[in-house]
Amino acid sequence: MYKVLVMDGISDLGIQLLNDAADVTVEKKIGLSEDELIAIIADYDALLVRSQTKVTEKIMTAASKLKVVGRAGVGVDNIDLEAATKRGIVVINAPDGNTIATCELTFAMMMSVARSIPQAYKKTVGGEWDRKTFVGVELRNKTLGILGMGRIGSEVAKRAKVFGMNVIGYDPFLTEDRAEKIGVKLGTVNEIAAQADFITVHTPLTNETRHIIARPQFELMKKGVRIINCARGGIIDEMALVEAIESGIVAGAAFDVFEEEPPRAEHPFLNNPKIIVTPHLGASTVEAQENVAIDVSEEVLHILRDEPFKNAVNMPPVPAVVMNKLQPYFNLGEKLGQFIGQTTEGAVQEIIISYSGDLVDVDVNPLNRYIVKGVLANQLEGVNIVNAMHLAKTRDVNVVIQKSTTSKTFTNLVSVTLKTKNEERLVAGTLLAGYGERIVQIDQYPVDIAPHGNLLLISHNDKPGIIGKVGTLLGSNDVNIATMQVGRKGVGGSAIMVLTTDKSTPKEVLQQLVELPELINAKELSI
Ligand SMILES: NC(=O)c1ccc[n+]([C@@H]2O[C@H](COP(=O)([O-])OP(=O)(O)OC[C@H]3O[C@@H](n4cnc5c(N)ncnc54)[C@H](O)[C@@H]3O)[C@@H](O)[C@H]2O)c1
Ligand SMILES: O=C(O)CC[C@@H](O)C(=O)O
């Protein structure tokens, strides 16, 4: 039974999926301190948070069973990603579910700051009927500058076009083609600063975007510009904004997010009549909260059940088309890794993964992770597809990827070579239409083995009667042979036998096998 801990205000309807799962129990705890969370986290397989809970390295160190941290939302700046990756904890987010909610809040903020709605409301409910102070501006024919043209930025652009605005966008990943398609002009940050009547930011907070709008940009701006931040505190320099309001450049600003949340009581935004603020409400709609909780719950279930998942933040994203091609190979890749990892003794120095045939044109990075996971799992605890590459690197295991366009025999072939100080071993496998996964080569020997169950790998000298001796010894110890494959270099030369058995071969029987004079080695591999 998997235990899931739900923190922060995550929609109950959204986590219904987890509540309904027969293999999951869900506990909800709101407002725990770091120490309180550390005291209980070792009990849980999954942790679900919004932006309030800071998932620190200390918490992850105490989280001995934790497989996944699910963030019901986009930003993962409250989760220590490096600490999670080191420990093999998958961090997933729900990137799509709150796009529209945040886009609509941005628009609400833009209209509020254009027409001073919160200020007018305050006066009116205070008994004043002031129709002179609040003369606003229209959006039509105004220029909107958008920094960050991802999900939310693009939705804002679409709506701005409908309002008759001219839109200039800045995003390093925005191509001219795409900009043209959505009717956006491309501009630099400084061009946007100089031309826009409204500026809204929709980037993540990174080293590049921190204070991307600061004093030098305010100095370029037209008098009367209005500024909106519904993305992350710190993208706009708060103090420089206050100065720009005081100097009359900025006519108004609307902020949903702050450099420090919640802001201190003396924060200069909180008593400035030209700045309107909301308490990080971008994603706070019924729909968005259901969406993100459903998305994150689905992913958490996949991860707990070892099923393929998307939206991992601490692993590179994989496009669906690549995923569809690779997915059938994940199991094969992991088994090849497990197989070869058990054939050698001593520290692994190099893993060479070679692809030929169908996989040559595909981004095989996700599959490499499964293979390396399989290899390392023999030596290390807690290795998974998130930390496999990281663990290989920290242990100085060189991972080499090769591709060859020609496979003489198979339409697809994955081979894994393992090098230690004294050994070099190879295993190769394929997916055969109608037969599924097969191991088709071990070292230089062609074989045909379904990689399941108990495998006995025997190295021996090709001598008459050896097969019978092995069969008799296993049979007399009640180990039934299901299949047997034999390969040899030449008559009388070195050879291998691969047997699948109906049950595991006891250690003492393995020892008796090794003591047969023709036998060099016998190893049981579990894959
Ligand atoms: N206020 C809220 O409650 C709320 C809700 C949802 C999202 N957000 C925040 O909104 C922001 C945008 O979310 P999204 O879902 O659109 O993300 P997204 O990843 O779809 O888009 C972000 C865009 O920013 C661009 N970008 C990155 N660095 C840049 C740079 N230096 N200059 C210009 N552009 C840059 C990226 O290329 C990307 O296109 C994030 O910071 C997210 O955390 C806030
Ligand atoms: O959980 C929230 O409300 C914050 C959402 C938002 O900041 C996000 O990054 O998704």
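Reader: Between which domains does ligand 1 lie, and why?

Author: In this predicted model, domain 1 (2–95 + 287–304) and domain 2 (99–277) both give residues to the shell around ligand 1, so ligand 1 lies between them.

Reader: Returning to ligand 1, which residues of its shell come nearest, and which elements give two or more residues?

Author: There are 31 residues around ligand 1, and those that come nearest are Gly 75, Gly 148, Gly 150, Ile 152 and Gly 282. Helix 5 (99–115) and helix 7 (151–162) are the elements that give two or more residues to this shell, and helix 7 supplies the largest share, 3 residues. By class, the shell around ligand 1 holds 13 nonpolar, 13 polar and 5 charged residues.

Reader: How should I read the packing of two helices such as helix 5 and helix 7?

Author: In general, two packed helices are described by the angle between their axes and by the distance between those axes. Here the axes of helix 5 and helix 7 come within 9 Å and cross at roughly 50°, and the two helices are therefore oblique to each other. Their crossing is right-handed. On the side of helix 5 the contact is made by Thr 99, Ile 100, Thr 102, Cys 103, Thr 106 and Phe 107, and on the side of helix 7 by Arg 151, Ile 152, Glu 155, Val 156 and Arg 159. These contact residues divide into 5 nonpolar, 3 polar and 3 charged. Ile 152, which belongs to this contact, is also among the residues that come nearest to ligand 1.

Reader: At what angle do helix 16 and helix 17 pack, and are they roughly parallel or roughly antiparallel?

Author: Helix 16 (residues 466–476) and helix 17 (residues 507–514) pack at an angle of about 160°, with their axes 10 Å apart. Angles over 145 degrees count as roughly antiparallel, and helix 16 and helix 17 are therefore roughly antiparallel to each other. The crossing of helix 16 and helix 17 is right-handed.

Reader: Which residues meet there, and how do they divide by class?

Author: From helix 16, Val 470, Leu 473 and Leu 474 meet Val 509, Gln 512 and Leu 513 of helix 17. This contact has 5 nonpolar residues, 1 polar residue and no charged residues.

How values were computed
Residues numbered from 1 in each chain as written. Chains lettered and ligands numbered in written order. Predicted model: local features only at pLDDT ≥ 70, side-chain atom pairs only at ≥ 80, totals over all residues. Near = placed C-beta within 6 Å. Helix = DSSP H or I, 4+ residues; strand = E, 2+ residues; numbered from the N terminus. Nonpolar A, V, L, I, M, F, W, Y, C, P; charged D, E, K, R; others polar. Domains from an automatic or database assignment. Axes fitted to C-alpha atoms, helices over the stretch in contact; angles between N-to-C directions. Parallel < 35°, antiparallel > 145°, perpendicular 65-115°, else oblique. Left-handed = near helix turned anticlockwise from the far one by under 90°. Contact = placed C-beta atoms within 7 Å.
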